[in-house]
Structures are given as C-alpha cells and as structure tokens.
Amino acid sequence: MADPSRATRILREVFGYDAFRGQQAGIVQHVAEGGDALVLMPTGGGKSLCYQVPALMRPGVGVVISPLIALMQDQVAALREAGVRAEYLNSSLDYREALAIERQARAGELDLLYMAPERLVTERGLALLDDLDIALFAIDEAHCVSQWGHDFRQEYLQLAVLAERYPQVPRIALTATADENTRREMLERLHLTHARVFAQSFDRPSIRYRIAPKDNPRRQLLQLIRDEHPGQAGIVYCLSRKSVEETAAMLVAHGIDALAYHAGFDADERRERQQRFTDEAGVVMVATIAFGMGIDKPDVRFVAHLDLPKSVEGYYQETGRAGRDGLPAEAWMVYGLADVVQQRRLIDLSEADETFKRAANAKLDAMLGLCETAGCRRQYLLAYFGESIGPCGNCDNCQNPPATYDGTEAAQKLLSCIWRCERASGYGFGAQHIIDVLRGQRTEKALQRGHDKLSTFGIGADLDEAQWRAVLRQLVTLRFINVDHDNYGVLKLTEDSRAV
Ligand code: ADP
Ligand code: ZN
C-alpha cells in the first residue's frame with residue numbers, strides 16, 4: 001500500500017502546499033497504488049497534482065499526454081523550478097533537442113515526461129515508451145476524445161493503445177467536462193473500464209452568474225467594466241476576430257487597458273499578450289475562444305460573453321477562468337435573438353452529418369435554456385453536470401427574480417400577428433414590423449399595408465418592445481418561429497406553432 005504520509009511530504013517539500021484539496025488525496029492514493037482513474041474536476045480544481053504527486057511516488061517516469069504546447073511548457077518550467085526532473089516532447093523542439101530528451105528518458109533520468117498526443121502515437125513515440133520504466137500515464141483534457149465535443153482531437157482516439165500495450169501501467173484521465181455522454185465516451189474510448197471515477201462538485205460558489213438581453217452590447221460591456229470592475233483583470237469573449245478587434249479598440253478608446261487576442265496573431269504576439277495579461281494587474285483580454293485552456297491567472301475578476309457560446313460545457317469552461325483565487329468574481333453575458341439565429345445557421349451550414357448536427361442543436365438548446373430560464377442559473381448549470389442543489393442566492397435570477405407573466409397568451413398574440421400580416425400582404429415580415437403592429441404603432445409601413453386594420457393591431461400594447469423581443473426570442477428558441485435569414489429575417493410559423 002502506498003504510504004499517505006509520503007504523498008503529503010512530497011506535496012509539502014516539492015510543491016510547497018500544506019494539504020491536499022477536495023479529492024486530491026484520495027486520487028493520489030488510488031493512482032499511487034496502481035489503480036486507473038477518471039478525474040472530473042472543474043477548471044482550477046487542482047488536477048495537475050493528481051498525477052504529478054503519484055508520478056513522484058512510483059518508480060519510473062510519469063508520462064503526461066497534453067494537447068496544449070503552451071500549457072506543457074508552463075508546467076514543465078514550474079516543475080523544474082521545484083526541482084523535479086521534467087521535460088517535454090512536442091513540435092517546438094528541433095531534432096537534436098528531442099533526441100537529447102529521449103536519451104535522458106531512456107537513462108531513467110526523468111520524473112515526468114510531457115508528450116503531445118500526435119507524437120506519442122507515432123512508431124517512434126511508442127518505441128520510446130517500450131524502452132521506459134513508466135510510473136503512470138496521465139491523459140490530460142481527456143474530453144478531447146469525444147467526437148461531439150468542442151475540442152475533439154483525432155489522435156486522442158489512438159490513446160486506447162496504451163491500455164493494450166502497457167496493461168500494468170496505471171492510467172489517469174482528467175477533464176473539466178463532465179456531462180454524462182462525454183464521461184461515457186472517455187471511459188469507453190480510452191479503455192478505462194476498471195477506472196474509478198472521481199467526480200468533484202463543479203460548483204464555483206464565488207462566481208456570480210448574470211445573463212441579460214443584448215441591447216447595445218459594447219455599451220453594456222463598457223458599463224459593466226466601468227461601474228463594477230474598474231481596474232480589474234477580466235476576459236471578454238467574442239465569436240469573431242473582427243468583433244474581438246473592434247471591441248478591444250472601443251475599450252482602449254475609453255481608457256481601459258484592453259488587449260485583443262485571436263488565432264490570427266502569430267505565436268510570438270500571442271505569447272506576449274498572454275504574458276502581459278498574466279503578469280500585469282487589471283488587463284482586460286478581449287479574445288476568441290482561442291484564448292483559453294492553460295490560463296492560470298488566479299485573480300480574473302470577470303469573464304464576459306458578448307456572443308452566445310455553442311454549449312454549456314464551453315460556457316462553463318470559459319466562465320471557470322474567473323475567480324480561481326476563490327474571491328468573488330462574475331460571469332456576465334448578453335445575448336439576443338441574432339445570437340440564436342446565427343448559431344442555428346452555423347450548424348445548418350456546416351458540412352457535418354445529420355447525427356452531428358442533431359447533437360450540436362441539442363447542445364445549443366441546452367445553452368439557450370440557461371439563457372431563458374427564470375430560475376436559478378447555478379441550479380440549471382449544475383443540473384446539466386448531474387448535480388442537484390437549491391437556489392444559490394448568487395445569480396441574477398436569485399437576486400432579482402424576473403417578473404413572469406402568462407406567456408401562452410403573449411405567444412398566441414405574436415404567432416397570430418405573424419400569420420395575419422403575412423396573409424394580408426402575401427409575404428412575411430421581420431421582427432420590428434410585427435412588434436410595431438402588436439403594439440399598435442401607426443408606422444408608415446403599417447399604414448401603407450393596411451395592417452392597422454388587422455385584428456391583431458394593438459392587441460399587444462400591454463407589453464413594451466423589449467418584452468416582445470423576449471417573447472419572440474423564446475418562441476424562436478422553442479422552434480415555434482423560424483427566422484428566414486436568407487430573406488431579410490422574415491418570421492415564419494413552424495409546424496409546432498399551430499398547437500399554440
Ligand atoms: P486545473 O488543472 O484543475 O485547472 P491546476 O492543477 O492548474 O488546476 O491548479 C489550479 C491552481 O490551484 C494552481 O495554481 C495550483 O497550484 C493550485 N493548487 C492545486 N492544488 C492545491 C493544493 N492542494 N493547495 C494549494 N494550491 C493548490
Ligand atoms: Zn441562483
């Protein structure tokens with residue numbers, strides 16, 4: 001049996017920490033004794049120690065498979081700082097450097113060896129492993145094996161070979177993505193049939209969740225930063241590179257220390273920007289999701305989304321970068337009808353097969369459910385990851401419960417107005433016109449087309465424009481209305497809407 005006091009001693013002497021956190025101690029013990037493990041822990045939970053400590057407890061070298069070169073380099077640098085003999089093998093090395101590291105590994109001079117997956121599964125990679133005395137395999141970001149996930153990597157599928165080739169070596173797979181499907185896929189595809197699953201609560205109590213309708217997103221963002229997070233570090237996620245650059249420029253023009261980051265910058269430029277964000281206080285990073293995994297900055301006070309993420313997993317991973325120091329932090333998002341339409345369109349236009357599209361749509365629907373819920377956001381999020389809790393008291397809906405009204409009646413009015421306008425004119429209309437008619441606005445367009453004579457004219461004067469937009473958004477979300485983006489955003493009833 002592995003000696004637990006040895007684990008604690010390594011933790012203290014090598015890493016400088018007094019105690020294990022959460023389930024770390026149990027995981028370390030299990031793996032040190034040769035067991036396989038699947039570790040589900042939220043970002044910032046402390047996954048690295050779960051394989052680093054047992055690797056140091058067991059004879060031989062711990063082989064860590066990680067898809068991210070930058071992350072690998074940071075970890076190896078930190079380990080070496082702590083006196084651990086760690087190296088990495090990835091595409092950033094030239095032939096001679098790689099050869100030298102392989103020689104060190106063969107001579108048994110390494111405690112930890114980080115390897116890029118595409119490198120490991122080559123003949124040369126496996127030949128190297130054959131020659132080594134291996135303490136354990138750690139498969140980081142194990143959700144990359146999931147074909148439906150947002151980080152799928154082909155080479156991860158080939159990692160199953162480790163189970164066959166080195167059956168006596170314990171394997172530990174780790175991820176911050178934990179929905180039921182991904183969990184099953186990881187166990188199956190990595191051949192972790194006998195692995196013990198360690199699932200830590202995904203709750204991040206220090207993060208406050210807030211999701212608001214999009215009105216003027218850049219102005220809303222500016223207000224958030226000025227009023228609530230002045231001088232604080234934060235990340236702003238946008239969908240496109242163009243929007244990243246424009247948003248960063250807008251913030252800079254308003255005196256905020258903002259930087260843009262996306263895959264269009266070269267590697268040096270990206271590194272330099274990430275470094276400034278990490279080292280300096282109060283930098284706001286405006287980025288695409290290219291800025292993500294491997295950011296280890298504890299005092300990010302807010303993560304803002306100006307565009308709707310594709311899935312709850314993505315959203316949770318991105319917002320999880322806030323408040324890793326455990327102090328209050330905020331996850332803030334604005335979204336609108338255009339986001340729903342745009343994401344649906346991206347799925348429709350993608351080259352993927354029907355199964356994939358169905359899965360992508362289901363993920364998007366779950367994400368939209370989070371946006372539209374009138375209940376506790378945290379409750380919704382954790383339920384998605386299989387945990388149940390009561391209302392949290394630390395999200396917008398808990399703190400300011402949204403006013404609810406009879407949605408069926410409003411829905412009927414809106415659907416009927418779309419139908420009547422179309423029947424009267426012989427063609428369809430967009431959101432603005434329909435809402436004007438509902439609210440009884442005598443616009444030129446309404447008068448010209450005689451829509452002021454329709455029975456639905458003015459029947460919705462009790463709700464304001466923003467409320468009608470919310471009703472519309474929900475009906476589109478629920479697929480009672482389609483937005484025809486190839487035809488000026490005309491609203492169309494769907495089969496389902498007849499029931500309403
Ligand atoms: P993850 O990979 O799960 O996102 P990391 O392994 O990068 O998390 O750890 C997140 C942060 O928490 C790091 O700064 C790490 O040093 C710190 N940490 C992890 N475990 C402990 C511990 N037992 N005591 C104190 N700090 C810890
Ligand atoms: Zn709540």
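A polar contact is a pair of N or O atoms within 3.5 Å; within protein, one must be able to donate a hydrogen and the other to accept it, and residues adjacent in sequence count only if both atoms are side-chain atoms. The model is predicted: local features need pLDDT of at least 70, side-chain atom pairs count only at pLDDT 80 or more, and totals for chains, interfaces and linings use all residues. Residues are numbered from 1 along each chain as its sequence is written, chains are lettered from A and ligands numbered from 1 in the order in which they are written, and side-chain values use heavy atoms, with hydrogens and water left out.

**View 1. Polar side chains at ligand 1.** A polar side-chain atom of R21 is 2.9 Å from an oxygen atom of ligand 1. For Y17, the distance from a polar side-chain atom to a ligand 1 oxygen atom is 2.3 Å. In S48, a side-chain N or O atom lies 2.6 Å from an oxygen atom of ligand 1.

**View 2. Helix 11 and helix 12.** The axes (lines fitted to C-alpha atoms, for helices over the stretch in contact, with angles from 0 to 180 degrees between N-to-C directions) of helix 11 (residues 217-228) and helix 12 (residues 241-253) come within 11 Å and cross at roughly 50°. Helices (H or I, at least four residues) are DSSP runs, numbered from the N terminus. Helix 11 and helix 12 are therefore oblique to each other; angles under 35 degrees count as roughly parallel, over 145 as roughly antiparallel, 65 to 115 as roughly perpendicular and the rest as oblique.

**View 3. Helix 15 and helix 22.** Between helix 15 (residues 337-349) and helix 22 (residues 465-477), the axes come within 9 Å and cross at roughly 20°. That makes helix 15 roughly parallel to helix 22.

Definitions and conventions
Helix = DSSP H or I, 4+ residues; strand = E, 2+ residues; numbered from the N terminus.
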